[in-house]
Amino acid sequence: MRSFETKFRPDHLVWVLMEIKNDYRLVMKLFNWSYMRRSPSLEARCIIIHLAVAANDINTAHNLFHEFWTSSSTDGNTLLVSHFLEKLIYTYKDWGSTPYVFDIFFQVLTEIGHLEDARKLFDKMLNYGVVLSLDSCNLFLSRVSKDIGGPLMSLKVFQEFSEVGINWNTLSYNIVIHSLCQSRKTKEAHNLLLQMELRGCFPDAVSYSTVINGYCNEGELQAMLRVTEAMLQKGLKPNAFTYNCIITLLCKTGKMVDAEKILREMTSQGVFPDNVVYTTLIDGFSKHGNASSALRMFNEMQSQDIIPDVIAYTALICAFCQNGKVADADQFFHELLKNGLKPDELIYTTLVDGYCKAGEIRKAFSLHNEMIKMELNPNVVTYTAMVDGLCKQGDLETANVLLHEVREKGLILNIYTWNALVNGLCKSGNIAQAVKLMKDMEVAGIQPDVFTYTTLMDAYCKSGQMILAHQLLSEMLQRGVKPTIVTFNVLMNGFCMSGMLEDCQKLLSWLLENSIMPNASTYNSLIKQQCIRNDMRAATQTYRDMCDQGVVPDGNTYNILIRGHCKARNMREAWFLRKEVVEKGYNLTLETYNSLIKGFIKRKKYREARELFDEMRKKGLAADEEYILHLCGYE
C-alpha cells in the first residue's frame with residue numbers, strides 16, 4: 001500500500017471496502033491505515049459503522065459516532081444531524097447493518113447532550129417505521145430528567161413516547177419518579193407510582209423507596225408511613241437507604257422511640273445499619289437532649305465494628321454539652337483526637353459554648369486559642385458563646401474587648417451576640433445601658449427580637465418598674481414582634497412581686513381571651529403571691545382554674561401550695577398534696593420539707609414529722625437543727 005499512499009483518495013477506500021466487506025478484521029486494518037493519513041469521508045465513516053454493527057463490534061460503532069459529534073467542526077451544527085442520518089440510511093441496505101445502528105446514533109447524541117437533535121432523530125426514525133429500543137429511550141429519559149426543567153420535560157417525554165408505542169418498564173417509571181421527588185413534587189411521583197400497576201408495570205423496592213425518600217425530605221411523616229405500609233403489603237423489603245430515610249424523618253420530628261424501633265426492625269430483616277444510620281440516631285437523640293441514649297447508640301455502633309466519624313463524635317459532644325456534662329464531652333473530644341480524626345469549627349464551638357455555660361471561661365478561651373493554632377477560624381457563634389459566658393459572670397469589660405476583636409476580624413455581630421450583651425448588662429443592673437445598646441442594635445441594622453424585649457422586661461420587673469415593662473410589651477406588639485409565654489410569665493411575675501394582683505388577674509384573663517395558653521409557671525407566680533398573703537382560698541381556686549384550663553401543675557406548683565398550707569396551718573391539705581407529689585413523681589424541695597416538719601411538730605404530729613425527716617435523709621437533704629432536736633426529744 002505504501003506505493004499507493006499519495007494517490008489513495010477517500011472514494012478509493014469505499015471501492016476497496018466493497019471488495020473486502022466480508023472480512024471485518026481486514027476492513028478495520030485498512031480503515032485504520034487510511035484514517036492515520038486523512039479523515040474519512042462521511043460516507044466511509046457510515047459504512048464502517050454499519051460493518052462494525054454487523055460484526056457486533058458495538059464499541060467501535062459507538063466510538064466512531066462519538067468522535068464525529070464531539071469534534072469542534074460539528075459543535076452546534078444541527079444541520080449535520082439530518083445530513084449524517086441521510087448518509088446512514090443511504091449506506092444502510094448495501095452494508096449488511098441492523099436497525100440497532102440508529103439506536104447507537106441516538107444514544108451518542110443523548111450522551112453528549114444534543115437532546116434536541118436526539119429527539120428529532122427519534123421522530124424521523126418513526127417516519128421510517130423504526131421504533132428505537134426501550135434501553136435507548138430510558139437513556140434519553142434519564143438525561144432529560146437531569147436537564148433544566150427536568151421533571152416537566154421527563155413527564156412530557158414519558159407521555160409522548162407512550163403515545164407512539166414505547167412500552168415503558170419499571171426503570172422508566174423510576175427515572176420519572178426520582179426526577180419528580182428531586183424537585184419536591186412527591187405527590188405527583190406518588191400518583192405515578194399508583195398508576196404503574198394499572199398500566200401493567202409493577203413497582204419495585206426502588207420505586208417505593210424513592211417516594212418514601214421524597215416524603216421524608218418534605219417532612220410528610222403520615223404520607224411516608226402510608227407508602228411504607230403499602231410497600232410492605234406488596235411483599236417488598238425496604239433496603240438500607242429506605243430505612244435510613246424513615247429514621248431520619250422520625251428523628252427530625254422528635255419521634256426517637258419510633259426511630260429506634262425502625263432500627264430494630266431493620267436488623268431483624270437482615271439489613272445491617274451503617275455509619276449513616278447510627279450517626280442519624282445519635283444526632284437525633286442529641287438534638288432532643290437525650291445524652292444517655294445518644295451514648296448508648298454510640299457504644300452500640302462501636303460494638304458492631306462501625307468506626308464513628310467526626311459527625312458522630314460532634315453529635316455526641318453536643319449532647320453532653322447541652323446536658324451540662326462538659327467533662328464527658330471533653331473525654332470524647334480527646335478520644336476523637338486519639339483516633340486520628342480532625343475536629344472542625346463546629347466541635348470547638350460546641351465545647352467553647354459548653355465550658356462558657358459551665359462557667360469555665362478560662363478553659364473556653366484555651367480552646368479558642370487552640371482553634372487558631374490549628375488554623376480553624378472561630379466564627380461569630382464561637383465568639384457569641386464566649387461573650388455570653390463573660391456576661392453571665394459579670395465581666396462586661398472583657399466581653400467588650402472581645403467584641404472589639406470580633407469587629408477587627410470583619411465578623412458581623414448577630415442578634416444572639418447583641419442579646420448576650422443586653423442580658424449581661426441587665427444582670428449587672430445597668431438597665432439604662434442595656435436600653436442604649438438595644439437602640440445601637442437598630443442603628444447597626446439588627447432588629448431586637450422577642451428575647452431582647454423579654455430580657456429588658458424582666459430587668460424592669462425585677463426593679464419594680466412595671467409601667468416601663470408594660471410599655472415594652474406594647475412596643476413589641478406594635479412592631480410585630482410576637483411575645484412568647486415566657487414574655488407574659490415575666491410580666492406576670494413582675495406584677496406579683498410588686499403586689500399588683502389585680503393586674504395579674506387581668507393579664508391572665510387577657511391571655512385566655514386571646515387563646516394564648518398559659519403554662520404552669522404563669523399560674524405559679526399568682527399562686528405564690530396568694531400564699532404569701534395567706535389567702536389560701538384564692539390560691540386553691542387559682543389551682544383549680546389552672547387544672548380546669550387543662551394546664552398540668554408542675555413540681556413547683558405543689559411545693560408552693562404545700563408551703564402555703566403549712567404556713568396557714570392547713571396540715572391536712574398539705575399532707576394530701578404531698579401524697580399527690582409522690583404519686584406524680586415530683587420532688588419536694590428542702591424548704592417544703594422543713595415547712596411540713598415544722599407544721600407537724602407545731603400540731604404535735606410527730607409520727608408524720610419523723611416520716612418526712614427519714615424521707616429527707618434518704619434523699620440527702622438536711623433538716624433544720626431545731627426540728628431535729630424536737631424529734632430527738634420526742635423519741
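**Figure 1. Aromatic pairs in the predicted model.** The count comes to 23 aromatic pairs in this predicted model. One of them joins Phe65 and Phe105 in a stacked arrangement. Their ring centres lie 5.0 Å apart, with 5° between the planes. Phe65 belongs to helix α4 (residues 58–69) and Phe105 to helix α6 (residues 100–111). The pair thus links distant parts of the chain, 40 residues apart. Both Phe65 and Phe105 are buried.

Figure 2. Phe298 sits in helix α17 (residues 291–303) and Tyr313 in helix α18 (residues 310–322), so the pair ties together parts 15 residues apart in sequence. Phe298 has 0% relative accessibility and counts as buried. Tyr313, at 1%, also counts as buried.

**Figure 3. Ser293 in helix α17.** Ser293 lies in helix α17. With 9% relative accessibility, Ser293 counts as buried, because the cut-off is under 20%. The side chain of Ser293 makes a polar contact with the side chain of Asn290.

**Figure 4. The largest nonpolar core.** This core holds 200 residues. Phe65, Phe84, Phe105 and Leu281 touch the most other members. Helix α3 (residues 42–54) gives the largest share, nine residues. Around Phe105, leaving aside neighbours within four places in sequence, the contacts are Phe65, Trp69, Val81, Phe84, Leu85, Leu88 and Leu121.

**Figure 5. An aromatic cluster.** Seven side chains are shown here: Phe106, Phe122, Phe140, Phe158, Phe161, Trp168 and Tyr173. Together they form one aromatic cluster.

**Figure 6. Charged ends over tryptophan rings.** The charged end of Lys21 sits over the ring of Trp95. The distance to the centre of the Trp95 ring is 5.5 Å. The charged end of Arg578 sits over the ring of Trp575. Here the distance to the ring centre is 4.7 Å.

Figure 7. Helix α30 covers residues 520–532. At 1.5 Å a residue, its 13 residues should span 18 Å. The end C-alpha atoms are 18 Å apart, which agrees. Ten of the 13 residues are buried, so α30 is largely enclosed by the rest of the structure. The buried residues are Ala520, Thr522, Tyr523, Asn524, Ser525, Leu526, Ile527, Gln529, Gln530 and Cys531. Their cover includes α28 (485–497), α29 (501–513), α31 (536–548) and α32 (555–567).

Figure 8. Asn519 caps the N-terminal end of α30. A side-chain oxygen of Asn519 lies 3.1 Å from the backbone nitrogen of Ser521. After α30 comes Asn534, with a positive phi near 60°.

**Figure 9. Gln478 in helix α27.** Gln478 is found in helix α27 (residues 466–478). At 70% relative accessibility, Gln478 counts as exposed, because the cut-off is over 50%. Gln478 and Thr349 are 129 residues apart in sequence. In space, their C-alpha atoms are 36 Å apart.

Key. Residues are numbered from 1 along each chain as its sequence is written. This is a predicted model: local features need pLDDT of at least 70, side-chain atom pairs count only at pLDDT 80 or more; totals for chains, interfaces and linings use all residues. Side-chain values use heavy atoms; hydrogens and water are left out. Helices (H or I, at least four residues) and strands (E, at least two) are DSSP runs, numbered from the N terminus. The expected span of a helix is 1.5 Å times one less than its number of residues. Buried means under 20% relative accessible area, exposed over 50%, partly exposed in between (1.4 Å probe, protein chains only). Contact means heavy atoms within 4.5 Å. A polar contact is a pair of N or O atoms within 3.5 Å; within protein, one must be able to donate a hydrogen and the other to accept it, and residues adjacent in sequence count only if both atoms are side-chain atoms. A nonpolar core is a set of buried Ala, Val, Leu, Ile, Met, Phe, Trp, Tyr and Cys residues joined through side-chain atoms within 4.5 Å. Rings of Phe, Tyr and Trp (its six-membered ring) pair if their centres lie within 6.5 Å; planes under 30 degrees apart count as stacked, over 60 as edge-to-face and the rest as tilted. A charge sits over a ring if NZ of Lys or CZ of Arg is within 6 Å of the ring centre and within 35 degrees of the ring normal.
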